Amino acid sequence: MGMVQAPELSAGSVSKHSMDEWLAAVGDVHTRLTFRNESTRKFSASMSTSNVGSLKACSFRGTALTAARTRRDIASGAEGNTIMIWQFRGNSITTQRSRESVLTPGTIAFLDLDTPYEVKCSDEFGQLVIHVSTDTLNDRLRSQGVRHDFRGLTLDGGPLVAPWLAFIGTAFSQAQFASGSMMEQMQDPVLSAMTSLVAMAAGQRGEPSTWDGLLASVRKVVAEEYWRADFTAEYLAGRLHLSRRTLFRALEEGQVSLAGLLHETRMEAAATMLRNKACSLTIEAVGSAVGYQSASTFHIRFRDRYGVSPGSFRRQCMASGTDPKRS
């Protein structure tokens, strides 16, 4: 089977010839994205759309174009969407999570809109962009035993990919003429097809589990910045350029409590300081140094963790050279 052609969509089609008009036309689809031409800042392009249930496909054709979403965009709120880009004309370069990939005709890419990214399209490009809820795609991946980080992954067209693309293309083509109820029934099979493509893309790259990778990043930041009194879930999500929803999904998958992880890290750091004979800080200063603004909170949590007060812990360590035995 040769390279599969993307469908010709017409429902909701628009054609614009200036930057302002284009932004107004696609603003409802690409929230908080910026589009620009690298040279003249003007271009001609067309967009057409088609829906299969809650899945939306947008067909873009035009001249050189850059679409990007920045850290500032993510901080202001996330739409919770993932896009599958199907390149059918010209070339594009996608970048997400330091993965830069060149899309040639027949190549597909997966980008999570909760994470900063950039897509640079060449002259005379053409793409079919399919929008799906990130939570929906993650649930489908998990139910099929696929636990991979798909952000920034690409997949070249080939004999294993072509049947899935042909099916997806046919579904969105038919959606322009079939009834809404009929296309609602097609949503589940299309999601299954997209899940299979994600699995193939992850398999080619040997990607680790999505959540394992995120949890490793969480643990790294906590280990480096536990001392911050203002360490919150919002701060951590911004630090990792994730939405708050994605952060808590990773913690849930790993059965990890952020509060518990932060507390344990702070307790270990405090105990290390109290064991050190060269440390001349007061007990209150030790608590402050590991992120506790309240001395009483530090005392209570330290006693809960080690069975003795911070002062007793220090004295016994100094006297015996070992940690106190917890009763």
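Close-up 1. Strand 6 and strand 9 (residues 108–112) are joined in the antiparallel sense over 5 bridges; two strands count as paired if DSSP finds at least two bridges between them. Isoleucine 83 has leucine 111 in strand 9 as its bridge partner. With strand 11 (residues 125–133), strand 6 pairs in the antiparallel sense over 8 bridges, and tryptophan 86 stands opposite leucine 128 of strand 11. Strand 6 (residues 81–89) is mostly covered, with 7 of its 9 residues buried. Buried denotes under 20% relative accessible area, exposed over 50%, and partly exposed the range in between (1.4 Å probe, protein chains only). Strands (E, at least two residues) and helices (H or I, at least four) are DSSP runs, numbered from the N terminus.

The model is predicted, with local features requiring pLDDT of at least 70 and side-chain atom pairs counted only at pLDDT 80 or more, whereas totals for chains, interfaces and linings use all residues. Residues are numbered from 1 along each chain as its sequence is written, and side-chain values use heavy atoms, without hydrogens and water.

**Close-up 2. Helix 3 packs against helix 8.** The axes of helix 3 (residues 134–143) and helix 8 (residues 244–253) come within 12 Å and cross at roughly 20°, so helix 3 is roughly parallel to helix 8. Axes are lines fitted to C-alpha atoms, for helices over the stretch in contact, and angles run from 0 to 180 degrees between N-to-C directions; those under 35 degrees count as roughly parallel, over 145 as roughly antiparallel, 65 to 115 as roughly perpendicular and the rest as oblique. From helix 3, Asp135, Asn138, Asp139 and Arg142 meet Arg245, Arg249 and Glu253 of helix 8, contact being heavy atoms within 4.5 Å. By class, this contact has no nonpolar, 1 polar and 6 charged residues. Among the buried residues of helix 8 are Arg249 and Glu253.

Close-up 3. Glutamine 255 lies in the loop between helix 8 and helix 9 (258–275). Its phi is near 50°, a positive value in a residue other than glycine. Glutamine 255 counts as exposed because its relative accessibility is 74%.

**Close-up 4. Threonine 70 lies in the loop between strand 5 and helix 2**. This loop connects strand 5 (65–69) and helix 2 (71–75). At 35% relative accessibility, threonine 70 counts as partly exposed. The C-alpha atoms of threonine 70 and proline 116 are separated by 5.0 Å, although the two residues are 46 residues apart along the chain.

Notes. Ala, Val, Leu, Ile, Met, Phe, Trp, Tyr, Cys and Pro count as nonpolar, Asp, Glu, Lys and Arg as charged, and the others, Gly among them, as polar.
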